[in-house]
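Take a look at the structure first, then read on.

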Amino acid sequence: MFDSSVRTLVVVGAQWGDEGKGKLVDVLAEQADWVVRYQGGANAGHTVYVGEQKTVLHQVPSGILHPGVRCAIGNGVVLDPAQLFVEIEKLVAQGVDVVGRLYVSDRAHLVMPYHKQVDGASSASKAIGTTGRGIGPCYVDKVARRGVRVLDLRNPARLRTLVEAGVGHANEQLVASGSALRASVDETMAFLSDVAPRLLPLAEDVGLALSNAVKARAALLLEGAQGSLLDVDHGTYPFVTSSNTTVGGAATGAGVPPTALHAALGVVKAYTTRVGNGPMPTELGDALGEEIRRIGNEFGATTGRPRRCGWFDGVVARYAARVNGLTALAVTKLDVLDTLPELKLCTGYLVDGELLREFPGDLDLLERAVPQYDVLPGWRRSTADARRWDDLPGEAKRYLYRLEELSGTPIRYVSVGTRRDQIIDVKA
Ligand code: GDP
């Protein structure tokens, strides 16, 4: 997707996450100079297959698997340093060259052990279905202006003051939730003094480095985590994540000016999945939903939780296209639908006798929404070996044309399997 006019590209999930962004970023990283994460934390799990080798990345940008590509973790990410080191060690053990290629924004906030304690003890976290990794509480502290940033590790006196405030607040939360756990300033400081010598060598003014890269017309790929419908502003609030997953978040979370972003690729599955609670109008609560889950292996990369499965939702896709200003779509997991005799695409919601074509902000409307479907015939043969648009069965093309029409965004890529080579570039 990079060319002389597109030098900065944002890749976002255009549903509820797990769309297969990791694979797309991996494929596109080949053409990139930089790959950047801009929000979220270790709750996101990107799965990338190179040959038969499976790599699950939580915090390190997927570009790391391409030698020579520089990778950055932006200021908008909340960083779990212990998890980061585990990930780096795994990559090094696989022979991936990480040293000198991975940069961490000195403004990124740190997920502290007490954030995880608070997350685990909070009934609100459980109701929303969070991953319990301390991401939400870390973002809360960031907004409440008592967060600890990477750069604070350089100043032990300031660090201690911040930790005291954080621990004090965490203990109030733990007491309120009825938990017997307590956070400790000394233990937290010991944890941080262990982390600092390993993390500080990676710390960088990432916003400055990326802005310089933009000026030099380097190819920048900014990878979103989770999906647009989990965006704290534009998603199905309160069943959302704590950050801006959409393209706007790429600018603030990487420190790159919005005017420097040239294109946005929205990744959608050929159907819909959602993990955790919250509305999902096209959910299939029946045997077919289970079949899609089984064929698509729809279990979370981070938590192993089964994902809820349903038909492709054109209302969601069109909304995501609008909020993100998508310039192209990548449709993944088409192969998962290979055996189904009949496929449905949601064209609108019927709510109290009225047809809704715009995705509403009010969850009550979504709970009452009755999806309206177009029904199309399945292709009932394998698409796994398709490498060009014309290799696809006629019914699959028809399905994709309709999906494209409903989304209002041209399809650029179709993914037909987990492997790097199982992809169709429609323009190739
Ligand atoms: P991400 O967070 O958006 O990167 O998504 P995940 O990594 O959680 O989930 C995507 C899963 O789908 C991974 O296991 C991928 O290997 C797999 N995947 C990606 N594209 C395809 C595809 O076209 N077909 C199939 N069958 N699996 C795919």
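Let's start with Cys138, which is buried, with a relative accessible area of 1%. Keep in mind that this is a predicted model. From there we move on to another cysteine, then to a helix and a strand.

**Cysteines**
- Cys309 is in no disulfide, as the nearest cysteine sulfur belongs to Cys346 and is 16 Å away.
- Cys309 is buried too, with a relative accessible area of 1%.
- The disulfide count comes to zero.

**Helix H11**
- H11 covers residues 314-324, and eight of its 11 residues are buried, so the helix is largely enclosed by the rest of the structure.
- The buried ones are Gly314, Val315, Val316, Ala317, Tyr319, Ala320, Ala321 and Asn324.
- What do they pack against? Their partners include strand S1 (8-13), helix H9 (247-254), strand S16 (342-351) and helix H13 (394-407).
- Asp313 caps the N-terminal end of H11, with a side-chain oxygen 2.9 Å from the backbone nitrogen of Val315.
- After H11 comes Gly325, which has a positive phi, near 60°.

**Strand S19**
- S19 spans residues 411-415, and five of the five are buried, so this strand is largely enclosed by the rest of the structure.
- Strand S15 (residues 328-332) runs parallel to S19, and three bridges join them.
- Val414 in S19 is the bridge partner of Val331.
- S19 also pairs with strand S20 (residues 423-425), this time in the antiparallel sense, over three bridges.
- In S20, Ile424 stands opposite Val414.

Definitions and conventions: Residues numbered from 1 in each chain as written. Predicted model: local features only at pLDDT ≥ 70, side-chain atom pairs only at ≥ 80, totals over all residues. Heavy atoms only, no water. Disulfide = S-S within 2.5 Å. Buried < 20%, exposed > 50% of the residue type's maximum accessible area, 1.4 Å probe, protein only. Helix = DSSP H or I, 4+ residues; strand = E, 2+ residues; numbered from the N terminus. Contact = heavy atoms within 4.5 Å. Polar contact = N/O pair within 3.5 Å; in protein donor to acceptor, adjacent residues only side chain to side chain. Pairing = 2+ DSSP bridges.
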